[in-house]
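Please look over the sequence and the model shown here before reading the notes that follow.

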Amino acid sequence: MPAEKEMIFQGIPASPGIIIGIARSLNIDSEDVLPQPIADPENEIRTFKLAIDQVKKTLEETGKKINQRLGSEFVRIFEAQVMIASDKVWNDNIVIRIRKEKLCAEYIYHDEAQKVIRRLGESKDAYLRERMQDIESVTHRLIGRLKGEKRATLKGLRGSTVVLARYLYPGDLLPLTIRRNLGFATGIGGPTSHLALIAKSLSIPAVIGVGEVAERVKSGARVIIDGYKGVFVVNPSPETVRRFKKLKESENQLKRQLTQLKSKSAVTLDKKNIEIMANIELPNEIPKVLAAGASGIGLYRTEYMFLTRLEFPTFEEQYKTYSSVLRRMGGKPVVIRTFDMGGDKFPGAAGKGFELNPFLGWRAIRVCLDRPEVFKPQLKALLRASRWGNLSIMIPMISNYEELAAVRKIFEECKQELREQKKIFKENVPLGVMIEVPSAALIADSLAGDSDFFSVGTNDLIQYTLAVDRGNEFLSKLYQSYHPAHLMLIKKSVEAAHSRNIKLSVCGEMAADPIGAILLIGLGVDTLSVSFQSVGILKKIVRSVSYRESRRMAEHALQMRTNSEIERYMKNEIENRFPDLNSVMRFVMRG
């Protein structure tokens, strides 16, 4: 790549943080896998089986190291890859093809893997596309073993470094956990990929999905990653370096300010208390939730229990996980969401067929109500675990009252079955509803009568209200958090909740930006739940504003017609009325 030309690429923000440093490429410079003829198929088969055994051993050993350093929840990634490497049907087919076609094992394995990867790549479901990486990871390990290639390592790193690769094995992140001023950028990956999940949990700055540039940049090039905005800069100009250094300084100053707020409550200037909770995806994040000063967990995404598994988690496995989370939170509130995934992610769900639009399809509570053999074990495991802490259960994607009534019926059945088995559990575990479908907001009065709390998922509520796929880059300008229709639905939900004396929280990304947070406070939201990295910023926001002024601003914003009009108005009001937030606004709202 030209050394003198600055190039800026937009990727996906995987984990927050800014690194200005030197590139270290982990890409393998190798030729394409070619169909090389072989003279002795049986010898090739022996070589292939030996390579499989070696790959399995490497994965198992890495899994043990991960378990010792990071915890058991990450081990499942390696267990899933061991299962792929051990797949008897797949490997037997490779052996058959080697004998029949008399071609090298690496070509045949690569060919078979690409067939599966192409099928998964055609899926509109993000989970299925991201699971391609497990197959790619195993395939690259095996082919590298068969071809005698050695992957570059992270030994000898000095100073600020950005690791670059088309992909990274989860095991590649182990050395990154013991170094500072080190992040990574990859060519492929999605926001819920293994890499994004681990990077965020370990607080390693990362940008993923930057495309082929991650493979073209050579070691030694100067680069910048901005894990907040998903920006990757190659050969930055002196002006760009100065700009990002100022951002880095602002980040450090902000972190120092926020450290002082960890033990303080989130109370507005006029003494209105706003609960600040944290969203988690793995139990591994609990120490960081507590260290950040969150008052509890507002959203635990249980589907991460088996994103790396080929079978459904058992009752005992679920009970153990939920109990551990509740115990470790030490009596602080924990809101656990039941499985919120598309039907094709559930084992045995293939009979439902391919969905052209899975976001509007068989997912979340729709699957659970159709599959009580899946839903009831989860509810029972949650109820049994309730004795160990302050648990609330949250139901995703409710779109009509009949669904809530059906959930209530199954919930009571689970309680009765546990009573008959003489199992101990808390009788009055709160059961709440997620407001993320416009129809739920519009019938919030009815839902509130049979709900113990509401939680608004703004990410889905925005896309369903505005008919905008939030993952479609061509529609990014239409994905508007401050759209008047979205704000009106939140306001209606708040009013319905408060009329029944139940609380309403918001657990979407809108809660993590200053304008969104102040609007939500003004609309009367009781609790804001964000990633543990954003807890401090949110505390700063709450403690810098008054509820009375926030309410006036929100009411005025509701009279406006466009997202941009509301954004301009809010920025001006925040600058004039809440000057303590200027540093936060400059850093969080940039770009």
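Leaving aside neighbours within four places in sequence, which residues is Asn-563 in contact with? They are Gln-480, Ser-481, Tyr-482, His-483 and Pro-484, where contact means heavy atoms within 4.5 Å. The model is predicted, with local features needing pLDDT of at least 70 and side-chain atom pairs counting only at pLDDT 80 or more, while totals for chains, interfaces and linings use all residues. Residues are numbered from 1 along each chain as its sequence is written, and side-chain values use heavy atoms, leaving out hydrogens and water.

**Barrel**
- Eight strands close into a barrel with parallel pairing, in the order β9-β10-β11-β12-β13-β14-β15-β16; strands (E, at least two residues) and helices (H or I, at least four) are DSSP runs numbered from the N terminus, and two strands pair if DSSP finds at least two bridges between them.
- Strand β9 (residues 275-280) runs parallel to strand β16 (residues 527-531) and is joined to β16 by five bridges, with Met-277 standing opposite Ser-529 in β16.

**Asn-563**
- Asn-563 has its place in helix α21 (residues 563-577), and Asn-563 counts as buried because its relative accessibility is 12%, buried meaning under 20% relative accessible area with a 1.4 Å probe and protein chains only.
- The side chain of Asn-563 reaches the backbone nitrogen of Tyr-482 at 2.9 Å, and a polar atom of that Asn-563 side chain lies 3.4 Å from the backbone nitrogen of His-483.

Conventions: Buried means under 20% relative accessible area, exposed over 50%, partly exposed in between (1.4 Å probe, protein chains only). A polar contact is a pair of N or O atoms within 3.5 Å; within protein, one must be able to donate a hydrogen and the other to accept it, and residues adjacent in sequence count only if both atoms are side-chain atoms.
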